[in-house]
Amino acid sequence: MAFAWVLRHPAHIQPIVGTRTPERIKSAAAATEVTLTREEWYRLYFSVNGKKQP
């Protein structure tokens, strides 16, 4: 989910996996199959910061 969130970031951040373990690479690649709406993305953003959405 963390990779999916980063991939949906408005600044178009590209995550670096940082592993050579095939299982971890496959797990990170699976994030491309998760589709977060803009609303879901912001809900996660605000929930992690402990703030309510404006």
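1. Does Tyr45 count as buried, partly exposed or exposed? In this predicted model, Tyr45 has a relative accessibility of 36%, which makes this residue partly exposed. The ring of Tyr45 pairs with that of Phe46: the centres are 5.2 Å apart and the planes stand at 80 degrees, so the pair is edge-to-face. Phe46 itself is buried, at 16% relative accessibility.

2. Tyr42 is another partner of Tyr45. Their ring centres lie 6.5 Å apart with the planes at 85 degrees, so this pair is edge-to-face. Both tyrosines sit in helix α3 (residues 38-48), and because they are three residues apart, about one helical turn separates them. Tyr42 is partly exposed, with a relative accessible area of 30%.

3. The structure has seven aromatic pairs. Ring pairs join Tyr42, Tyr45 and Phe46 with Trp5 and Trp41 in a cluster.

4. On the overall fold, the chain has three helices and zero strands, in the order α-α-α from the N terminus. The radius of gyration is 13 Å, well over the 10 Å that the globule rule gives for 54 residues, so the chain is more spread out than a compact globule. The C-alpha trace spans about 40 × 20 × 15 Å along its principal axes.

5. Buried residues make up 13% of the 54 residues. The accessible surface is about 4700 Å², and carbon and sulfur atoms hold 56% of that surface. Among contacts with a separation of 6 or more, 57% come from residues 24 or more positions apart.

6. As for charge, the chain carries 8 positive and 4 negative side chains, and the centres of the two sets are 9 Å apart.

Note on methods
Residues are numbered from 1 along each chain as its sequence is written. This is a predicted model: local features need pLDDT of at least 70, side-chain atom pairs count only at pLDDT 80 or more; totals for chains, interfaces and linings use all residues. Side-chain values use heavy atoms; hydrogens and water are left out. Helices (H or I, at least four residues) and strands (E, at least two) are DSSP runs, numbered from the N terminus. The radius of gyration is taken over C-alpha atoms; the globule rule is 2.2 Å times the number of residues to the power 0.38. Buried means under 20% relative accessible area, exposed over 50%, partly exposed in between (1.4 Å probe, protein chains only). Contact means heavy atoms within 4.5 Å. Accessible areas come from the Shrake-Rupley method with a 1.4 Å probe; for residues, only the protein chains shown count as cover. Lys and Arg count as positive and Asp and Glu as negative; His and the chain ends are not counted. The place of a charge is taken as NZ of Lys, CZ of Arg, CG of Asp or CD of Glu. Rings of Phe, Tyr and Trp (its six-membered ring) pair if their centres lie within 6.5 Å; planes under 30 degrees apart count as stacked, over 60 as edge-to-face and the rest as tilted.
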